[in-house]
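Please open the model in your viewer and keep the selection tool at hand. The stops below are meant to be taken in order.

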Amino acid sequence: MTPSWVGVLMCSRVGRLCRETWPGWSDGLRPTGGVSLRPNGLSPAPTRCPRQDERNQVLTTYLWVRQAWLDAHLAWDKDTYGGIDSIRIPSSYVWRPDIILYNNADDCFGGSIETNVVLRSDGLIMWDSPAITKSSCKVDVSYFPFDGQRCRLTFGSWTYNGNQIDLHNRLDTADLTDFVENVEWEVLGMPATRNVITYGCCSEPYPDVTYTLLLRRRASFYIFNLLLPCIMVSFLAPLGFYLPADSGEKVSLGVTVLLALTVFQLLVAESMPPSESVPLIGKYYIATMTMITASTALTIFILNVHHCGPGARPVPPWARRLILHHMAWLCCVYEVGESCKSPQRALGERADGRDAAGLGESPGEGEVGAEARGCPWDRCLCHHDGLLRNVGYIAGCFRRHRAAQRRTGEWKKVAKVMDRFFMWVFFLMVFLMSVLVLGQAA
């Protein structure tokens with residue numbers, strides 16, 4: 001027998017089977033005696049990685065909805081019809097359970113695509129239908145971008161209770177065999193749970209099957225585009241203390257870094273849903289912005305100390321001891337001619353009220369006084385009152401000028417020591433905050 005005659009014979013047998021199996025059959029009536037979805041039950045199979053709309057908290061899932069149920073009215077003896085064990089017919093020809101997604105979030109509340117069903121001789125009907133579902137999913141962004149999400153898809157009958165449709169899950173987890181990996185989300189699993197709920201209005205049980213989609217975000221994109229730039233910009237902020245005070249760019253650097261972090265913060269806020277929980281990277285941005293604001297305020301204060309003029313008060317003794325001695329040694333700040341190991345020796349020599357260079361009197365005045373004490377009266381001009389007054393005036397101006405220079409230099413060194421001290425303090429703070437953020441993410 002040729003293959004063409006075999007095909008004609010099979011078609012005739014299937015046609016006879018359909019005519020004898022569906023005489024006056026209505027696809028809108030549920031088979032009597034209850035429908036059991038226990039033999040194979042419900043088993044969705046995701047095919048593509050879900051798309052998570054975090055701002056609207058909607059999960060879009062691409063899956064195959066696989067349903068199987070028994071209908072004894074559609075069974076036949078396969079020996080009577082030439083050994084036909086199964087046929088494929090349009091799904092509209094048979095009754096289908098009204099299994100829907102309870103937590104649907106789509107504007108158009110539609111079902112699965114109309115596809116053929118596989119009808120077996122024992123009355124088992126298998127229906128595999130592709131579907132694109134949109135479900136509500138509460139997003140927890142506390143650890144963004146190192147977060148994981150748990151989204152639930154709850155399937156159940158809309159009108160039939162558990163006595164009419166015995167709904168069960170086919171497997172303990174969804175079928176991920178044909179799943180296509182995604183660059184943003186990693187699917188860890190999709191376990192299933194069967195629940196039986198009795199509502200207050202009715203005494204009948206209503207079963208449903210809940211599949212929990214376990215997602216973990218791939219954080220590489222956010223690390224290289226949001227986190228690492230923020231860390232590098234944050235390490236620029238303490239360098240503002242290292243800039244010379246006379247450069248005029250200390251405050252500008254702090255403000256520029258603050259504006260850069262504000263831009264990164266806005267980028268994160270646009271993609272996050274409005275909620276009370278602040279994401280981890282948002283907390284890091286806020287802490288860094290607070291630190292940079294404090295460093296800019298300290299820079300302004302230190303600049304004010306640096307530019308103390310000749311009319312400023314002398315450095316207090318406690319500041320001289322704490323800042324110019326201990327902190328200068330700790331931060332290794334020294335002037336020209338000093339060393340990092342012994343900056344206090346030269347500082348102590350300059351801190352004396354009258355040093356060996358003759359700050360108490362001018363060099364000319366000392367020599368004039370010596371000559372005045374040892375020179376004869378008739379040949380020395382030092383005894384003229386006018387000349388003595390002029391020399392004393394010049395010496396006093398010289399002493400006042402040297403004292404003002406000494407006070408100004410001490411205040412500038414105070415500012416330099418504070419700059420160096422706060423630079424290391426803020427470097428340590430940025431490092432600890434970065435380690436803390438990465439530690440919480442791990």
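What follows is a tour of salt bridges, a pocket and a surface patch.

The model is predicted, so local features are given only where pLDDT is at least 70 and side-chain atom pairs only at pLDDT 80 or more, while totals for chains, interfaces and linings use all residues. Residues are numbered from 1 along each chain as its sequence is written, and side-chain values use heavy atoms, with hydrogens and water left out.

**Salt bridges**

A search of the whole structure finds eight salt bridges, each being a side-chain nitrogen of Lys or Arg within 4 Å of a carboxyl oxygen of Asp or Glu. Select Asp175 and Arg66 to begin with, whose side chains meet in a salt bridge at 2.9 Å, N to O. Asp175 lies in the loop between strand E9 (165-166) and strand E10 (185-189) and Arg66 in strand E3 (residues 58-70), so the pair ties together parts that are 109 residues apart in sequence; helices (H or I, at least four residues) and strands (E, at least two) are DSSP runs, numbered from the N terminus. Both Asp175 and Arg66 are buried, where buried means under 20% relative accessible area, exposed over 50%, and partly exposed in between (1.4 Å probe, protein chains only).

Next, select Glu184 and Arg217, which form a salt bridge with their closest N and O atoms 3.7 Å apart. Glu184 is in the loop between E9 and E10 and Arg217 in strand E12 (residues 206-217), so this pair ties together parts 33 residues apart in sequence. Glu184 is partly exposed, with a relative accessible area of 31%, whereas Arg217 is buried, at 5%.

Which residues lie nearest the centre of the second largest pocket? Select Leu243, Pro244, Ala245, Lys416 and Asp419, which hold that place among the 15 lining residues. A pocket is here an open set of points on a 1 Å grid over the protein atoms alone, with protein on both sides within 12 Å along at least five of seven lines, and lining residues have an atom within 4 Å of a point. Helix H8 (residues 385-441) gives the most to this lining, with seven residues.

**A patch on the surface**

Finally, select Leu428, Phe431, Leu432 and Val435, which form a nonpolar patch on the surface; such patches join nonpolar side chains (Val, Leu, Ile, Met, Phe, Trp, Tyr) within 5 Å, from residues with over 30% relative accessible area and no salt bridge. Phe431 has its place in helix H8 and, at 47% relative accessibility, counts as partly exposed.

Notes. On a 1 Å grid over the protein atoms alone, a cavity is a set of points where a 1.4 Å probe fits but cannot get out, and a pocket is an open set with protein on both sides within 12 Å along at least five of seven lines; lining residues have an atom within 4 Å of a point. Patches are made of residues with over 30% relative accessible area and no salt bridge: like charges are joined within 9 Å, nonpolar side chains (Val, Leu, Ile, Met, Phe, Trp, Tyr) within 5 Å. Accessible areas come from the Shrake-Rupley method with a 1.4 Å probe; for residues, only the protein chains shown count as cover.
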